[in-house]
Amino acid sequence: MILQNILIWFVIIPLIMLAGLAVCKKMTQIRTVMVVCSTALLILSGWLCMDFLAQRAAGNTAEMLYTGDWLWYAPLNIKLSVGVDGISVLMLMLSSIIVFAGTFASWKITPLPRNFFLWFALLSMGVFGFFITIDIFTMFMFYEVALIPMYLLIGVWGTGRKEYSAMKLTLMLMGGSAFLMLGLLGIYWHSGPAADGAAHTWNILEIAHNGAISTGWQYFLFPMTFVGFGVLGAMFPFHTWSPDGHACAPTAVSMLHAGVLMKLGGYGCFRIAIYLLPQAANDLAWIFIILTGISVVYGAFSACVQTDLKYINAYSSVSHCGMVLFAILMLNTTAMTGAIMQMLSHGLMTALFFALIGMIYGRTHTRDIRKMGGLMQIMPYLGVCYMIAGFASLGLPGLSGFVAEMTIFFGSFQNGDMFHRVFVIAATCSIVITAVYILRVVGKLLLGPVFDEHHRSLTDATWWERFSTVTLIVCIAAIGCFPNWINDAIQHSFLPIIENLKAAI
């Protein structure tokens, strides 16, 4: 039965969440449903991660574990095919942590809290469905399910120019989806026979093993799929939706959007563009290395000149997500390992940043750093948490950012030709630029004299805010201090991809 597969429950629990919210009337009932379901997702992902590591340690070398396959639409051979490797498991873990923390960060959301959490749950379902699927049609369906709620979540519950930002985000991401759809259809029509004898297959593993896509078609399809996913990964010059979208989104939506939704872009580039189109990846990667290298440096410089806390973090996300794509394009195991670590690290620290910014804005009613100062004296808990997030972002040893960035740069520098090393050195400069804007913000926002005497009456974090932030901080420190288990989880996942890339040379 389909319900016996553990991965299906990552979609069923959000559906239960939606059904529960639909009948709730009181705020206490809404909170109960969200806490119970988000906790269930967290426990489920934790168990899955431990069992996955145990199976790998026991010698299970299958490319995908917990696989299931159910025919959905016979004429096009569309199936609900599920399965996970180490990368997928870590993305599920990241998603469940941020959904859990975002639930508490939205404890007092107004107006229409039930409607807000309904769309939030739908977005979560799309994200979880995307990471468990190995059928590219179903993956694209969940991808769209994750994108659509963003329009209403920003347009209704956002701040500032929320209608403009919601429309801009939706149109640009739908534009990327159009490129992606064409690329995926092309992959399907040139995929070769399916395992069940059908003429074509949507299954990622079958397409990769068939190797039926000709070099000419790979050159045509690779830019479509990489750009399609790269738009969501805020790749230059398709990044302009990201700062406005992040700046206007409500706190929990910013957390989930920057923390998880943007990871769909990097994951898709890795899982589909690189894995299924290896010849084109080898030959055309240099074009996108230039674009992603620009993203890394441009995003960091842009963050330096912002005065709005959310815009600072949004441009920082452009830089850090650009680093993910940059590392993936290096096409070697070490750099790709760093890319996955960076996805986890950035997801956690940017979720923490946006949670703290929302908490500070809820008290001061401003995000302009020129109108704030000395907040460490007034709300020391939030101040310390902001400093921890900042130190993780600039790569302080002992926190997740250091492990991720050092692995990326070390792996990227393994490519010995001049072109790669010049861009690696340029991208490394972003570390210094990041330190500049992080220390500038920390100094202006938290230290020094109190800027506005009215702020002295403000309160520090509530219990639910502390619960949300502590969850994220513990995870950031755990990755920074104990990174080996992540490496153990994902090393086997790279083998088929690297083999495909080597065979295509």
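**View 1. Helix 11 against helix 14.** Thr251, Ser254, Met255, Ala258, Gly259, Lys263, Gly266, Tyr267, Phe270 and Ile274 of helix 11 meet Met336, Met343, His346, Gly347, Thr350, Ala351, Phe354, Ala355 and Gly358 of helix 14. By class, the residues of this contact between helix 11 and helix 14 divide into 10 nonpolar, eight polar and one charged. The model is predicted, so local features need pLDDT of at least 70 and side-chain atom pairs count only at pLDDT 80 or more, while totals for chains, interfaces and linings use all residues. Residues are numbered from 1 along each chain as its sequence is written, and side-chain values use heavy atoms, with hydrogens and water left out. Contact means heavy atoms within 4.5 Å. Ala, Val, Leu, Ile, Met, Phe, Trp, Tyr, Cys and Pro count as nonpolar, Asp, Glu, Lys and Arg as charged, and the others, Gly among them, as polar. Helices (H or I, at least four residues) and strands (E, at least two) are DSSP runs numbered from the N terminus. Helix 11 and helix 14 (residues 333-364) pack at about 165°, with their axes 7 Å apart. Axes are lines fitted to C-alpha atoms, for helices over the stretch in contact, and angles between N-to-C directions run from 0 to 180 degrees.

**View 2. Helix 4 against helix 6.** Helix 4 (residues 113-132) packs on helix 6 (residues 149-157) at an angle of about 150°, and their axes are 9 Å apart. The two helices are therefore roughly antiparallel to each other, and helix 4 passes helix 6 in a left-handed crossing. From helix 4, Asn115, Phe116, Trp119, Phe120, Leu122 and Leu123 meet Pro149, Met150, Leu152, Leu153 and Trp157 of helix 6. These contact residues comprise 10 nonpolar, one polar and no charged.

**View 3. Helix 13 against helix 18.** Between helix 13 (residues 309-328) and helix 18 (residues 418-445) the angle is about 160°, with the axes 12 Å apart. That makes helix 13 roughly antiparallel to helix 18. Their crossing is left-handed. Leu309, Ile312, Ser316, Ser319, His320, Met323 and Phe326 of helix 13 make the contact with Phe423, Val424, Ala427, Ser430, Tyr437, Val441 and Leu445 of helix 18.

**View 4. Leu256 in helix 11.** Leu256 lies in helix 11 (residues 251-276) and counts as buried, at 2% relative accessibility. Buried means under 20% relative accessible area, exposed over 50% and partly exposed in between, with a 1.4 Å probe and protein chains only. Apart from neighbours within four places in sequence, Leu256 is in contact with Ile98, Val99, Phe120, Leu123, Ser124 and Leu261.

**View 5. Lys168 in helix 7.** Helix 7 (residues 162-189) holds Lys168, which is buried with a relative accessible area of 19%. A polar atom of the Lys168 side chain lies 3.3 Å from the backbone oxygen of Thr240. Such a polar contact is a pair of N or O atoms within 3.5 Å; within protein, one must be able to donate a hydrogen and the other to accept it, and residues adjacent in sequence count only if both atoms are side-chain atoms. Not counting residues up to four places away in sequence, Lys168 touches Thr240, Trp241 and Asp244.

**View 6. Asn282 in helix 12.** Asn282 is placed in helix 12 (residues 278-304) and counts as partly exposed at 26% relative accessibility. A polar atom of its side chain is 2.9 Å from the backbone oxygen of Leu501. Asn282 and Met330 are 48 residues apart in sequence, with their C-alpha atoms 9.3 Å apart.

**View 7. Backbone geometry in two loops.** Ala234 lies in the loop between helix 9 and helix 10; its phi is near 60°, a positive value in a residue other than glycine. Ala234 is buried, with 0% relative accessible area. Pro237 is placed in the loop between helix 9 (215-232) and helix 10 (241-248), and the peptide bond from Phe236 to Pro237 is cis, with omega near 5°. Asn77, in the loop between strand 1 (65-73) and strand 2 (78-84), has a positive phi near 55°. Asn77 is buried, with a relative accessible area of 8%.

Notes. Parallel < 35°, antiparallel > 145°, perpendicular 65-115°, else oblique. Left-handed = near helix turned anticlockwise from the far one by under 90°.
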